[in-house]
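Trainee: I have a model open and would like to go through its architecture with you. Could we begin with the terms?

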Amino acid sequence: MLYRCLKPLLFRMDAEKAHNFALRGTGTLSAMPPLARLVRSTMARPKADVVSLMGLTFPHRVGLAAGLDKNGVAPWAWWAFGFGFVELGTVTPKPQDGNPKPRMFRLIEERAVVNRMGFNNAGAPALAARLQGAKPSFPVIVSVGKNATTPLENAESDYQAAAAAVASVADAISINISSPNTAGLRSLQTPELAGKLVTVIREVAPSKPILVKFAPELSGDDLAAVIDACLTAGAAGFIATNTLSTAVRPELPQGGLSGRPLKEISPQRVEEIRRRLGTGPTLIGCGGIEDAATARRMRDAGADLVQVYTALVYQGPFLAASISRELSRG
Ligand SMILES: Cc1cc2nc3c(=O)[nH]c(=O)nc-3n(C[C@H](O)[C@H](O)[C@H](O)COP(=O)(O)O)c2cc1C
């Protein structure tokens with residue numbers, strides 16, 4: 001209801017300004033846990049659909065995807081809105097501004113967003129400091145990446161440093177090698193390099209489950225080989241998918257496409273990954289989820305958990321709780 005009133009105002013603003021405005025409000029709510037508790041108590045509760053994965057307990061299966069709360073400014077608010085878990089970040093070892101603006105665009109007809117943010121974030125140590133002592137009681141995954149100025153040959157040390165900074169506050173760590181907005185990042189999606197990243201992160205966060213997030217374009221033998229290498233190195237699970245590069249759609253702003261256009265390809269990747277994994281490792285489905293039907297499709301494709309981002313822009317922050325209520329009805 002509140003979001004229905006706010007949306008016309010937000011949609012008159014530039015997409016990134018609207019995002020920052022909404023995140024400031026959410027951050028204010030998060031800074032006041034009693035108020036967050038009040039908000040949570042007034043909403044239609046997500047129905048408990050408790051699931052244990054990777055040694056963690058998820059109150060239900062619908063979470064917040066990476067990139068919306070890059071700096072971990074609003075964990076209590078996500079809890080208040082009824083999310084089952086969050087993925088914060090992507091954070092890099094050092095703070096960075098990201099790409100020049102404008103870098104976020106709504107495609108309203110397609111119910112999509114294009115972004116080329118480029119990991120604008122305050123740095124992994126800042127996120128860790130913010131989460132210290134302020135972590136609500138649901139799983140918090142922190143996504144790590146490399147700074148734009150770090151040469152690809154030194155990517156390992158960036159991923160390791162970012163993971164080391166957040167290891168004490170994160171319940172799990174995800175490796176982002178699939179953003180299309182940091183030059184060369186996706187070239188880390190090889191068996192050798194991705195496996196090495198899992199290994200070096202395990203050195204600094206030995207007790208934390210590690211997940212690897214893939215691009216929707218990665219498929220077939222290439223995908224299978226990377227999955228095998230990551231598992232051998234000790235990965236606990238995978239996230240599929242990140243955004244689709246708009247390189248193949250030159251009429252659009254360049255960057256990563258998210259939302260409804262991922263509705264077909266992301267569940268296909270989830271199905272492909274699940275076939276390779278068998279039962280066991282955790283798989284999080286992400287991309288184009290906007291209602292219970294799209295979430296259920298991800299579940300049927302083999303996802304244990306699902307995440308949303310773009311649909312929140314169009315439908316507001318209580319969407320996750322409402323999807324979880326319908327999902328848990330079976
Ligand atoms: C503005 C924006 C920023 C994003 N930033 C990140 C990020 O920092 N790290 C990451 O792993 N994914 C990032 N993503 C990708 C989302 O986590 C998700 O994989 C993708 O948007 C597909 O889900 P959706 O269709 O529900 O939006 C970003 C997406 C958007 C729209």
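Mentor: Axes are lines fitted to C-alpha atoms, for helices over the stretch in contact, and angles run from 0 to 180 degrees between N-to-C directions. Helices (H or I, at least four residues) and strands (E, at least two) are DSSP runs, numbered from the N terminus. This is a predicted model, in which local features need pLDDT of at least 70, side-chain atom pairs count only at pLDDT 80 or more, and totals for chains, interfaces and linings use all residues. Residues are numbered from 1 along each chain as its sequence is written, and side-chain values use heavy atoms, with hydrogens and water left out.

Trainee: At what angle do helix 5 and helix 6 cross?

Mentor: The axes of helix 5 (residues 124-131) and helix 6 cross at roughly 15 degrees and come within 8 Å. That makes helix 5 roughly parallel to helix 6, a term for angles under 35 degrees; over 145 counts as roughly antiparallel, 65 to 115 as roughly perpendicular and the rest as oblique.

Trainee: Changing topic: how many strands form the barrel?

Mentor: Eight strands form a closed barrel in the order 3-4-7-8-9-10-13-14, with parallel pairing. Neighbouring strands of this sheet are turned by 25 degrees against each other on average, direction ignored. Two strands pair if DSSP finds at least two bridges between them.

Trainee: How many bridges join strand 7 to strand 8?

Mentor: Four bridges join strand 7 (residues 140-144) to strand 8 (residues 172-176). Within this pair, valine 144 stands opposite isoleucine 175 in strand 8.

Trainee: Which strands does helix 6 lie across?

Mentor: Helix 6 (residues 155-166) lies across strand 4 (85-91), strand 7 and strand 8, at about 155 degrees to strand 7. Helix 8 (residues 220-233) also packs on the sheet, touching strand 9 (210-214) and strand 10 (237-240), and its direction makes about 165 degrees with that of strand 9.

Trainee: Which peptide bonds are cis?

Mentor: The bond from lysine 101 to proline 102 is cis, with omega near 0 degrees; proline 102 is in the loop between strand 4 and strand 5 (104-107). The bond from alanine 240 to threonine 241 is also cis, with omega near 15 degrees, and threonine 241 is in the loop between strand 10 and strand 11 (244-245).

Definitions and conventions: Contact means heavy atoms within 4.5 Å.
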